[in-house]
Amino acid sequence: MTLRFLRLCMNAMARWTDPRPLALSLSKGERSPFDKLRVSGPCFDTSWKRPGMRAGGSSSKRGYTLLEVLIGLAIFTVVVVPLLTTVFDRTRVTRSRDTVIASCLLQQEAAIITAFPDQIVPFHKRRVDGTDWTISVTVAGTGMAQCILQALKAGTAYGRTIVYVFKEGQ
Amino acid sequence: MKPHRDARGVTLIELVLAITISAIVVSMVFFTYISIFKGYKSHTVQSQHVMELVVTRKKLDNLFSEVGAVETVEPSRIVYVPSSQASGTSTIAWASRKLLRGSEESGIALKDMAFRHQTLEGASSGVLLWEGHTSAGLWVGGGCVVKVIGAAVGQ
């Protein structure tokens, strides 16, 4: 639908800029049903034919001129690029905030693990301002064990830290 | 005499259609740019809030790094022995949306703040946890391992 509309726009623009004289849109003797409504004004041709087109040829077969492509690209750029920029910027700000929150959560968990190494649980949930966070703890090694902590929101890791704790019986 | 087609102009329906389509397109572009502008403004404000969050967190870390051992932990006040001193206590308290160190302002503005303490029965160390909201309403928290002096045990 959008492509069709863009194509119509481009065709219309190309017609405005086409220096060749406009062609007759109706064949001899043919009357448009809207002829009675015609008002005076600049001459427009409602058909998409141009002089030089083969009889019976449709506009979809003639391809685009360079001007049409440039105008299409310009419209696309003007509308889409600022939209994308805004979306990406907003995502970046949200991600920054989540990264700071994750680092705060990890700082708390790291302190708890350091103080109570025997009470480590592999996963637990935290709720911060209505958002669920999952803290995962992976313990590797015995004696001075390495604990890898990750803070995840909706399955995405926003922070990771490593704590070494003395843990017996691993 | 044959009518001259080039001078036939546009029909009313064509005119109406052209105006309608151009009005739709122009209004779409207009509202898109308005929303982009608003989005840009709110994005700038959000960036400032995140920056405030980072700075507040750093200040809190600095403040709590001087806690050597905790004596009393209450939801809005802790009494502690600074790590730089062998004896003598100091306090960190949240009051009137500000964090106070002793009787002085620490320069940290917070919407709310709560302290928690976790320790095991008879253990000589525990965890001091703090969390609150910046003046913009963003959550901030942290924690550190601290020594425990009597009264803080079990709180």
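Chain B holds one helix and eight strands, where helices (H or I, at least four residues) and strands (E, at least two) are DSSP runs numbered from the N terminus. This is a predicted model, in which local features need pLDDT of at least 70 and side-chain atom pairs count only at pLDDT 80 or more, while totals for chains, interfaces and linings use all residues. Residues are numbered from 1 along each chain as its sequence is written, and chains are lettered from A and ligands numbered from 1 in the order in which they are written.

Student: In what order do the seven strands of chain B close into a barrel?

Tutor: Two strands pair if DSSP finds at least two bridges between them, and the pairing in this barrel is mixed. Strands β5 (residues 98–101) and β6 (residues 104–119) of chain B, for example, pair in the antiparallel sense over three bridges.

Student: At about what angle to β8(B) does helix α1 of chain B run?

Tutor: Helix α1 (residues 12–64) lies across β2, β4, β5, β6, β7 and β8 of chain B. Axes are lines fitted to C-alpha atoms, for helices over the stretch in contact (C-beta atoms, placed from the backbone, within 7 Å), and angles run from 0 to 180 degrees between N-to-C directions. On that scale, α1 of chain B runs to β8(B) at about 10°.

Student: Which strands of chain A stand at the edges of the open sheet?

Tutor: The open sheet has four strands in the order β2-β3-β4-β5, with antiparallel pairing. Each edge strand has a single partner strand, so one side of each is left without a neighbour in the sheet. The strands at the edges are β2 (123–128) and β5 (156–167) of chain A.

Student: Over how many bridges do β4 and β5 of chain A pair?

Tutor: Strand β4 covers residues 143–153, and its pairing with β5(A) is antiparallel. As one position to look at, A:Ala145 stands opposite A:Val165 in β5(A). The number of bridges between β4 and β5 of chain A is eleven.

Terms used:
Two residues are in contact if their C-beta atoms, placed from the backbone, lie within 7 Å.
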